[in-house]
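Please open the model in a viewer and keep the sequence panel at hand.

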Amino acid sequence: MDVFLLLLCLGLLSSVRASPSAWVSRPFGHCNGQRQSPVDIRTSGVTTDPNLTELTFTGYREKNIMRELANNGHTVQVTLRPGAGVSGGGLSGWYSAVQFHFHWGNSADFPGSEHLLDGQRFPMELHIVHVKKGKSLPAALADPEGIAVLGFFIEATEAGGTPEGWKTLTSLLKEVAGTGSTKTLALSLSLDELLRGVDHSKFFRYRGSLTTPDCNEAVVWTVFQEPVRVSRDLIDQFTTVLHLADVYRPVLPLNGRSIFSSPAVRLALGARDGSSPDQLLTGAEEELNVLSG
């Protein structure tokens with residue numbers, strides 16, 4: 001059940017072998033739904049929500065939280081041991097962290113984040129997947145707020161081999177270079193060490209979906225404004241060592257949904273309250289052609 005849970009949290013079932021455009025046209029699962037992810041976050045149109053206070057992280061400083069590294073042929077993911085989780089920040093309860101994975105393009109020069117920020121795509125994006133406490137897997141996937149994913153943009157720097165936590169993790173990619181390979185981990189590395197430099201009070205919130213089939217519309221997305229800064233040489237290893245490229249889904253339209261921001265983002269960006277969801281629709285128009293064409 002544990003492995004099955006992780007696969008479903010990613011949506012990485014056999015149908016993912018088809019392209020994103022096929023997911024919509026066939027379709028697979030919920031992939032042609034009205035609440036799909038990822039999206040382009042247009043900061044001029046976000047609505048500030050005073051209830052989006054700073055999140056409370058549990059177990060993110062634990063050094064032995066990472067259990068297994070795996071290459072499933074679509075991304076590389078790390079399964080987590082029990083104990084880490086997140087609450088607060090407008091979430092409707094406590095969510096248990098089960099795994100994290102990455103999305104990237106083709107080296108740092110050809111970006112591959114899933115979400116966009118004001119039309120900008122970052123080199124990579126890190127997703128930490130959580131399941132709502134007390135929910136069975138079927139119940140979580142059927143609940144519009146059953147899964148909480150934290151999204152972190154990854155920005156490239158020229159300082160080689162940094163930060164240290166990312167250097168430690170990427171040094172293990174060669175151990176899972178083949179599709180289907182796994183490696184049991186005994187790392188003295190915490191989740192916090194992969195998230196250095198990010199202000200946890202500055203984030204965006206919207207309701208969306210898993211970004212691979214079955215694209216279940218069960219996700220509360222929290223996307224942080226500030227990126228994690230990782231050296232270009234470490235980012236490039238995801239392509240050169242794993243021989244995987246462009247592992248991301250193009251952005252989808254909001255279809256009337258609103259994107260909310262925490263008060264700290266409002267102070268940083270000067271975003272205004274009460275903007276119309278229709279103002280947010282244009283960000284996905286260009287890439288929507290990829291899915292409908």
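In this tour, buried means under 20% relative accessible area, exposed means over 50%, and partly exposed covers what lies in between. The coordinates belong to a predicted model.

**Stop 1: the aromatic rings**

Select Y206 and W221. Y206 has a relative accessibility of 2%, which is under 20%, so Y206 counts as buried. W221, at 2% relative accessibility, is buried as well. Across the whole structure, a search finds nine aromatic pairs. In the pair of Y206 and W221, the ring centres lie 6.4 Å apart and the planes meet at 5°, so the pair is stacked. Y206 belongs to strand β13 and W221 to strand β14, and 15 residues separate them.

Next, select F100, F102, W104, W166 and F238, which form one aromatic cluster.

**Stop 2**

An α-helix has 3.6 residues a turn, so residues three or four places apart point the same way.

**Stop 3: the disulfide**

Select C31 and C215. The structure holds one disulfide, and it joins these two residues with an S to S distance of 2.0 Å. The link between C31 and C215 is right-handed, with 75° about the S-S bond. It connects distant parts of the chain: C31 sits in the loop between α2 (20-25) and β1, whereas C215 sits in the loop between β13 (203-208) and β14 (219-224), 184 residues apart. C31 is buried at 1% relative accessibility, and C215 is buried at 0%.

**Stop 4: a threonine in a loop**

Move to T43, in the loop between β1 (40-41) and β2 (47-48). Is T43 buried or exposed? With a relative accessible area of 12%, T43 is buried.

**Stop 5: the salt bridges**

The whole structure contains nine salt bridges. Begin with D192 and R61, whose closest N and O atoms are 3.4 Å apart. D192 lies in the loop between β12 (182-184) and β13, and R61 in the loop between β3 (55-58) and β4 (66-71), 131 residues apart. R61 is exposed, at 70% relative accessibility.

Then select K63 and E193, which form a salt bridge of 2.7 Å from N to O. K63 is in the loop between β3 and β4 and E193 in the loop between β12 and β13, so this pair ties together parts 130 residues apart in sequence. K63 is partly exposed at 39%, whereas E193 is buried at 15%.

Proceed to R229 and E155, joined by a salt bridge of 3.1 Å, N to O. R229 lies in strand β15 and E155 in strand β11, so parts that are 74 residues apart in sequence are tied together. Both residues are partly exposed: R229 at 46% and E155 at 25%. Finally, select D109, E158 and R232, which salt bridges with shared partners join into one network.

Technical notes. Residues are numbered from 1 along each chain as its sequence is written. This is a predicted model: local features need pLDDT of at least 70, side-chain atom pairs count only at pLDDT 80 or more; totals for chains, interfaces and linings use all residues. Side-chain values use heavy atoms; hydrogens and water are left out. Helices (H or I, at least four residues) and strands (E, at least two) are DSSP runs, numbered from the N terminus. Buried means under 20% relative accessible area, exposed over 50%, partly exposed in between (1.4 Å probe, protein chains only). A disulfide is a pair of cysteine sulfur atoms within 2.5 Å. Rings of Phe, Tyr and Trp (its six-membered ring) pair if their centres lie within 6.5 Å; planes under 30 degrees apart count as stacked, over 60 as edge-to-face and the rest as tilted. A salt bridge is a side-chain nitrogen of Lys or Arg within 4 Å of a carboxyl oxygen of Asp or Glu.
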